[in-house]
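Okay, thanks for having me on the list today. Let me put the structure up, and then I'll talk you through it.

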Amino acid sequence: MKRMLKTAAVAAVAAIALAGCGSSPSSSPTNVSPTGQIVPRQISWLLSRPADGSVITIMKKLADDYAKDHPGFSLNLITTPDRPSYIQKYETLAAADKLPELFDTDATPFAQQLAKQGKMMDAGKLLKDLGLYDSFRPAALDYQRFDDGSLYMVPMQFELEFFWYNKSLFQKAGVSVPASLDDLPAACTALRKAGITPIALDGQDQWPLERYVSYQPFRAAGPDYVTSLKKAQAKFSDAPGQKAVTWLDALGKAKCFSDGFSSQGYSDAQNAFTSGQAAMYNIGTWELSSLATDKLNPSVRNDIDFFTLPTTAGSVTKANEFVSPSGIGMAVNSKTYDPLVADFLKFALPKYAAQYAATGALAPTTNVQTTIPANATPLYKKALDKATDLGTKQIMPWDTQLDPTSNTRLQQELTLLVQGNTSPADFTSTMDSTIAQNAPKFFK
Amino acid sequence: MLPTRSRLSVLVFLLPPLVVYGAAVLFPILQSLVLSFFSWNGIGDMEFVGLANYVHMLTHDDVFWRSFLNSLGYLAICLVLQLGGALLVASLLLSLRRGRELVKTLYLLPAVISTVAIAFLFERIYSLDPVGLLNQVLSWLGLGALERPWLSDVNTVLAAVSAPEGWRFTGLYMLIIYAALLAVPRELEEAAILDGASRWQLFTKIRFPYIRPVWITTTIMATTYGLRGFDIPYLMTNGGPGQSSELVTTYMYKTAFTSTDYGYASTISVFIVAECLIAVGLIVMLLRRKGEA
Amino acid sequence: MITHPAPAAVRTAAPQPSHAPARRRRPRLTLHRTLSRAIIVVIVVAQVYPLAWLFLTSLRTEQDFAAGNPFALPSALTLDNFSRAFATGNLGLNILNSFIVTMGANVLIVVLGMMAAYAIQVLGFRLSKLVRGVFLMGIIVPVQIALVPLFIDYSKVGLLDTYQSMIVPLAGFALPMSVYLFSSFFEYIPRETYEAASLDGAGPYRIFGLITLPLSLNTVVTVVLVNSIFIWNDFIFANTFVLTEGLKTIPLGLQNYIGAMGKTDWTATFAAVCVTVTPLLLVFLVLNKAMIQGLEAGASKG
């Protein structure tokens, strides 16, 4: 019996350990144009995008076109739009070394470890080889880069995040567009007095509130603060961090967000804004079709406008530098990279941007023109135009920056801070000790 | 034991289930037990760390202890709703002459609905903006002062996520207890009534002692399910706000799939198994001893 | 887990209680009965309400759902959500896949559970207590932790992305409960029945086929229904092991209604939930009598 148990235990470890490190990439991550014959087969793309969204629709169509000349080829799109479920799936596949030819990932510390192990193709090299590199918006590529500047993911979209606001509600409360981030708490107080919810916030998905913690440090110290903070080289107790903490505390005290925001979902938050109950809504251009077309509730259609992230006194970043994400990126698995995958990407990627822009969205490249839909309001064009006038720096959302354990804790503590369940001092010490404890494991 | 059984026949019946169970359940569990002594992020090298994970969990991890306490609270609420509710309804059902079958069927209905739908339903019920059923009812009753976003308030969220789980499976336990109550010999009850026993005495002196064995099983079932409760809190609040509704199970899941710390997550799940075993032991000890006294 | 001798009265068919109250007590009892009835009605409403809400929501317009009180009656009924649900997803295929997985897992759960319980409870052997304990251990293990090892093991033996990859772990983790329910039930079957059959020269296989199997039909229904509820709604195994669109079960299919950044078409989702819950509901309503009997019989002992 004992011996049986021992044998089983050994087998158990062996089985896992083999999966953990028994793989060597068959193709070098930098060898972007492998030689050999193109043998059509089915390739898969593990992705986290809306099932009927334009990325999937376009790539499906391109794959069908490619299959016409390459019988036997097909692209299997495996989408899990719910991000937490996707991440569980992606990490399980990575642990078993079963990631498919293409997979989606943000520039997270986990992805960086995959890249370091040589499991992803060098996307910079790949795009240069295809002659596409220079057509990409620099901001779209920068968003996908790891800290060391290396690029392993191809952006498939480009978005700008704005503060949408309701002009008539602002007027009713006697509030003007905040010139500085520091004016926001006072604006909230005034809106509250007029019986208006100042800001609609999807607290359930965590990322919307986490954006707010990044704003003040970006204005006060630029994008470097978070890259130091995540490695525990900077602290929340430093000046930029403290600015964020006191500001968020002020936002909470001014009741900027609706009561019970932490259990409010995405649709509820958006409804609160589009039905004229909430005065502001911080969201990106992926919602243009809901906010700047005739789909928008007629009662608020003429009252809606947007402003970009306000600056602050002494801001080191400019007004045209804010959150401009290029979404979750597409990584190319180096283990399964072969002439077929290379040839398909060579076929599909150059055609993709034009078709994507035709759907009314901002393409990650600058060589195509976005088609403004027929039912758009003037706001649609105004929003798109902002993309042509961007600074060189951008805010990286902190959820892609911090190590996952610290990130989870930050999201939890932020809610507590804004709800007034924890003090700024406790928040600061909790976060600093959490990051100090967990960062070293991820940023060796 | 059957007199005509043979060694071969035992093997024929036992081996196939044991093989499937061993391969699908025991082996992976053994693997994760072994993992609990390692530090592993899923893609890097595995590093043997001995008892370090256990030491960290028991001495350094404030989130773990917070979630452990939450789990106990969650368990308590589930048990009250499931066992208390089951006992109440089962007793009431006995006094019903017609429609018992219908009530039983309707009572089981929530178990059929998927957790995703249940989680969303209760989010709506607890919501403040737009106003949900609970707050609506409170304001009708003139208890407007109690209105609140139940899932955002750190003081109410644990109860709020426990209630749906408790509510969902009450029907199942009710059936079991109802069947046991039906089996209480009529003569015993009638004799007690003739002796002038009150309803309460009838219950505590006659019925309950009689169903004690069933009660123990049901308590064990409800307890172990309660300690492993996962999906409703995970879907409704994901442990928030803060760690107010974090359970050991949701914490373990996050440790594994958000933090990619599979070794530490295994340590936490070993704790869950140990916790369940201890709970079962305690229940058996307490309830049995009382029965013998 | 613990075993107790079944109370003698349970073994006989449960008698319908007459509960004839003593005449003197009638007025008080009537009051009591009215009160209990009222409580039962309230509780039943609380239990049925969500299902009604589910169906009503699926008939609401999006605007109605978003703006108004979600608990009021819909201002206008629409079937739009259903057509959107069918257009977005692949509901038919999802239902078929769920059906295959549920059936497959149930066959394994019932057959294997019965075999194990028969070996442990009826045939008996030296280590039967230990084996029973090992099976029951499975009831208290959280499934989430086995995911990564399971996935790695399955990928080794080429089980990924197949029906089996969902069926086997689902059946495996449900087996303990099934073994428990069957062995509890087998305890009911009087020893004498077996002994008589043995004397007639029936071996263990014939006894299994002629006595145990036919007698346990209610328990089979119970095991099948209880497990179907869980398997039909299982998300975690399906999400881990399924990779292709063609194998997606219902809970995975429902994911298709989630849009960019978490924006969800809720009314269409609920229409889809209604469509997908209906088969299970129908089976449940048809078989619930057998299931209730099985539960009562199988679990009404310690």
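This is a predicted model: local features need pLDDT of at least 70, side-chain atom pairs count only at pLDDT 80 or more; totals for chains, interfaces and linings use all residues.

Chain B has 293 residues, and 54% of them count as buried. As for how the chain folds back on itself, take the contacts in chain B with a separation of 6 or more: 69% of those are between residues 24 or more positions apart.

Next, chain B against chain C. How many residues does each chain put into that contact? It's 81 from chain B and 80 from chain C. On the chain B side, helix 1, residues 7–35, gives the largest share, with 15 residues. And by class, that side of chain B has 59 nonpolar residues, 16 polar and six charged.

Over to chain A, which is split into two domains, both made of two segments. Domain 1 is 27–158 + 327–370, and domain 2 is 161–323 + 394–442. Over C-alpha atoms, the centres of these two domains of chain A are 31 Å apart. Where they touch, domain 1 of chain A supplies 10 residues and domain 2 of chain A supplies seven. On the domain 1 side, the largest share is three residues, from helix 6 of chain A, residues 138–144.

Last one: two helices in chain C. Helix 8 (residues 163–188) of chain C packs against helix 11 (residues 217–232) of chain C at about 155°, and the axes are 10 Å apart. So which way do they run? The cut-off for roughly antiparallel is over 145 degrees, and therefore helix 8 and helix 11 of chain C are roughly antiparallel to each other. The crossing of helix 8 of chain C past helix 11 of chain C is right-handed. If you want to click on residues, helix 8 of chain C brings Leu170(C), Ala174(C), Ser178(C), Leu181(C), Phe182(C) and Phe185(C), and they meet Thr219(C), Thr222(C), Val223(C), Asn227(C) and Ile231(C) of helix 11 of chain C. That helix-helix contact has seven nonpolar and four polar residues, and no charged ones.

Key
Residues are numbered from 1 along each chain as its sequence is written. Chains are lettered from A and ligands numbered from 1 in the order in which they are written. Two residues are in contact if their C-beta atoms, placed from the backbone, lie within 7 Å. Helices (H or I, at least four residues) and strands (E, at least two) are DSSP runs, numbered from the N terminus. Ala, Val, Leu, Ile, Met, Phe, Trp, Tyr, Cys and Pro count as nonpolar, Asp, Glu, Lys and Arg as charged, and the others, Gly among them, as polar. A residue is buried if 20 or more other C-beta atoms lie within 10 Å of its own, exposed if 12 or fewer, and partly exposed in between; C-beta atoms are placed from the backbone. Domain bounds come from an automatic or database domain assignment. Axes are lines fitted to C-alpha atoms, for helices over the stretch in contact, and angles run from 0 to 180 degrees between N-to-C directions. Angles under 35 degrees count as roughly parallel, over 145 as roughly antiparallel, 65 to 115 as roughly perpendicular and the rest as oblique. A crossing is left-handed if the near helix is turned anticlockwise from the far one by less than a right angle, and right-handed if clockwise.
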